[in-house]
Each structure stands twice: as C-alpha cells, then as structure tokens.
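Subject: Structure handover, salt bridges

Hi,

Here is the structure I promised to pass on. Have a look at it first, and my notes on the salt bridges follow below.

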Amino acid sequence: MRSPRVAREGTLAEFVPILVGNLVPLVGVLALDWRPETLVTLYMLEFAFGLLLAGLKALFAAKPPREDREDATITVTDRNLVYKQGNVELPGPLPPVYPRNVPFVFALIGTGLWMGAFLGMPLLRAAPLVNPVADPTVLLGVIALIVGQSVDTWRDYFRDGRYEHVSPYVVVETPARQVLFLAFAFIAIPVAAVGGDGAVFGALVAAKLLFDWSAFRTQHGDGGQLSDWLSGPDAATGDSDPPHVPDSEPSTVVRTHRKAAVAHALGETLIRRTPLYVPMGVVGWIVAGGLLFDGEAQGWLLAGVLMVVLIALATVARVFESVITVDAMEYRRHGTYLVAYDTRLDAVQWSAPVTTIYGSELVTDRFADRYYGTRTFSVTMGSGDDGAERTLGPVAEPERLVGAFELPIVRTDFDPIDRRFVVAAVGGGPLVAAIMASLAVADPEWIILLLFAFPFPAYMLYGVWAQAYPDD
C-alpha cells in the first residue's frame, strides 16, 4: 500500500517545459513565415495528444468525484461503474488503476471524436491542415509541444503523486473545456484575411499560452477564475467512509452468475444504446467521407468502415462497463448485515443492515434471467439521506438469497411471457428491414434519412417485445 503524499503547488520553473513548447511555434511564426493553418495544425495535434494523455491520467486518479456534476462537459451520470470501490495494482512503479474511472475515459474519447468532427473537419477545406512530416520545422514544433506536456505529466502527476489528490472528473474536464480554444483557432483562420496574419498569430499564441497556464494552475490546485472554470465545478473530494463490515465470518455467500450478467449487458447495449450510435455514425461518415477523404469513392468506403469500427468499439466499451460492474459480485451475510463484495477488486462495495431492507421486488423483464434460470432483485434499504436503491443479481440461487437476507419476496418464479408480443417483435424486425431496403433501392437518396431514423423502428420493436413480460 502506497502512502499518500501531500499535494503541493506548482512553481513557475515547473511550467518551463510547457512554456518552451509554446515558444517554438512563436519562433516559427516570426522567423519561418508559418501560416495560420500551420499553427492550428500544431495545436490540433497537441490537443489530440492531450486527450489521450488525459485519458491515461484519469485511470490513476485516486479521489472519487462528487455525485453532483450538473455543469459537466463530460457526462457519466448513467454509468453505475462510476460508484465502484477498489483498484487494481499494477506491476512496477505505476500506481493502481481505478475501474470507476473507466467511464470517464470512454466519455472523454467519445467527446473528443465528436468535437473533432463538428469543430475541425467542416473547416478543413477552407483551411487544409499542414503535413508536419513534410516540414521538419513543423515537426519540431509538434515534438516540442508533446514533450512539454509529457514532462509535466511524468514529473508532477506520477512522480510527485498528484494523482492521489485529484478525481477523474477534474482530469478529463480540463482538456474537454480547452476545446473552446481549438474552436477559436478555427474561427480565426477566415478572419486572417481581414485582420492580418500578425493579429491572428498573436491572438492564437497568447490565448494558447493563457489556457496552458490556467490548466497548469488547475492541475496544481492554485487557480483563478479561468482555472476554476477549466477544472469544472467539481474539485477533488475526500474519500468517503468505508462501508461497515462486522468482524464475524460470513454465514452465507451468494455469487452473481457471470454468463447471465454478460448476456444482459450485451442485450441492453445492443437494444438501447447501439441504435443511438447509428445516426451519429452517419454524421461522422458524411463529414469524413465528404471532407476528410474529398468525396472520392474509395474515401466514402474507408469512412464507412471507420464509422462501423467506431460503433463496434463504442458498443464493446459499454458492454465492458456493464459487465465488470456486477459479474464478480458476492452478497455476504455478516451477522445482521448484507455486504456486497467484489471478488475481482477484493473490495467491499456497500453494506446495510438487513433490517433496513423495506422494499424488494423480482425484476421480471430480463431475458437473460429467463434463459439462464437466474434471478435479479431490486431492493430499497435505509431511509432519508442514507436510503438507496440497489440491484442484487443476477444470481443462480434466488431462494437462498431471499432466505439469507430476509427479503420480503413471496415467490421467485416467473409468469410465462406472452408469446404473441414475442412473435410480433421478432417478425416485425425482418418486415421493417424489408421496407427500409425497398425504399433505399427505389431511391438511394433515402439511405441517409433511413439511417438517421433507425432508432425509431428499433425502439418501437423493443417496446413491443417489452409488452411480452408480465407485470408482476
């Protein structure tokens, strides 16, 4: 167990690598006749690297974020994994990784992709980016900016233990909000013809340096108003009190069913999340195919393949989040307490006296439970600010769980589903696909509209399927 280190404020000397990295582009502007789009190329590449670096840093952030993140740019409020306790120790000098930070990383990557599509690509024709490999001086500027960020990250975040004092939310909010500078940079390109290159260069370099300085102060806990805005409304928080666990050995242990957990996560993601990714993929396809690949036939194909890969990765990431939230759980009876324990992380997730469980019901609308013979329960425990709704399961021993934790459940068997709705939903899928295909063949211009509308028939069929489950 690593001992926590005291957070310290950054010094001006520690900002030098970042400062030097920003001065290299300035030399290019003054001495090498760089154009505005050259400078934007550098900042765009640095921003992309900064997103990747922030994603890496967020995995190690040791402080939990506050639940109140109303003004957040990165939204993960619907991710149960955010509340996961425990970490995974890594070999070597690296600190432990916190699974609860994974949703922030995925959300940051998704936000970066969409920000790049909507802010960057539409202006590539007006101001094409410069190939840094073709120009050694530009490549030197890229390397200088990247090295500046990397040195500060290694020295302050990892070596000096800054990761012990920040939450993942703070880590990802700063680069997400810095994208506004990138938007300003792109807007400044058309203005260059009116205001003159010198004014544009000065504004770009000054704004970039100001944002980097504010971000540096944010990371070191010594910020002003701009720094506070960059870090977002959620500063690093203290660790919450660990769940209470009696000293006695558990008298009952009921484990979750891994296959049922995976099947449920896969089904929920494919039905409820993936349809929403399709229209977003269409937008990316249009932008990438028409602008990035110049509208060529091969470019449209490459853009389509890229979007399919991104949708598949987003689906896999969402399934991964859902699975690791519950698949290794054990529900233990310690005296009068119900203790939820994650065997993979070797950490207690939460606990509550059995006597505080005053509401529970069998979850009847999970197909995976019916297929594997498992059961999932929704329970309410505690009261007031200490009250919480929890989900127990899926478990293969429902009667044992109900008896051990005195759940007020009368029966654990399901009523049969209404097969008429199942037939309607399953049969409706090919029918909808045939209608959409016929419209696309009759008029290829319908394809884009049909893909945008894809979530509507998907959710309609899911609504029909949901009617098959009896209301217990």
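Let's start with D327, which is buried at a relative accessible area of 5% (buried means under 20% relative accessible area, exposed over 50%, and partly exposed in between, with a 1.4 Å probe and protein chains only). Before you read on: this is a predicted model, so local features need pLDDT of at least 70 and side-chain atom pairs count only at pLDDT 80 or more, while totals for chains, interfaces and linings use all residues. Residues are numbered from 1 along each chain as its sequence is written, and side-chain values use heavy atoms, with hydrogens and water left out.

D327 sits in the loop between α9 and β2; helices (H or I, at least four residues) and strands (E, at least two) are DSSP runs, numbered from the N terminus. Setting aside neighbours within four places in sequence, D327 is in contact (heavy atoms within 4.5 Å) with T256, R258, A261 and R344.

Two of those residues are arginines that pair with D327. With R258, D327 forms a salt bridge whose closest N and O atoms are 3.3 Å apart (the rule is a side-chain nitrogen of Lys or Arg within 4 Å of a carboxyl oxygen of Asp or Glu). This pair links distant parts of the chain, since R258 belongs to helix α8 (residues 258–292) and lies 69 residues from D327. R258 is partly exposed, at 47% relative accessible area.

The other partner is R344, with closest N and O atoms 2.7 Å from each other in its salt bridge to D327. Here too distant parts of the chain are linked: R344 is in the loop between β3 (337–342) and β4 (347–353), 17 residues from D327. R344 counts as partly exposed, at 42% relative accessibility.

And the rest? R333 is buried, with a relative accessible area of 13%.

There is also a network of salt bridges, linking R255, E330 and R332.

Cheers
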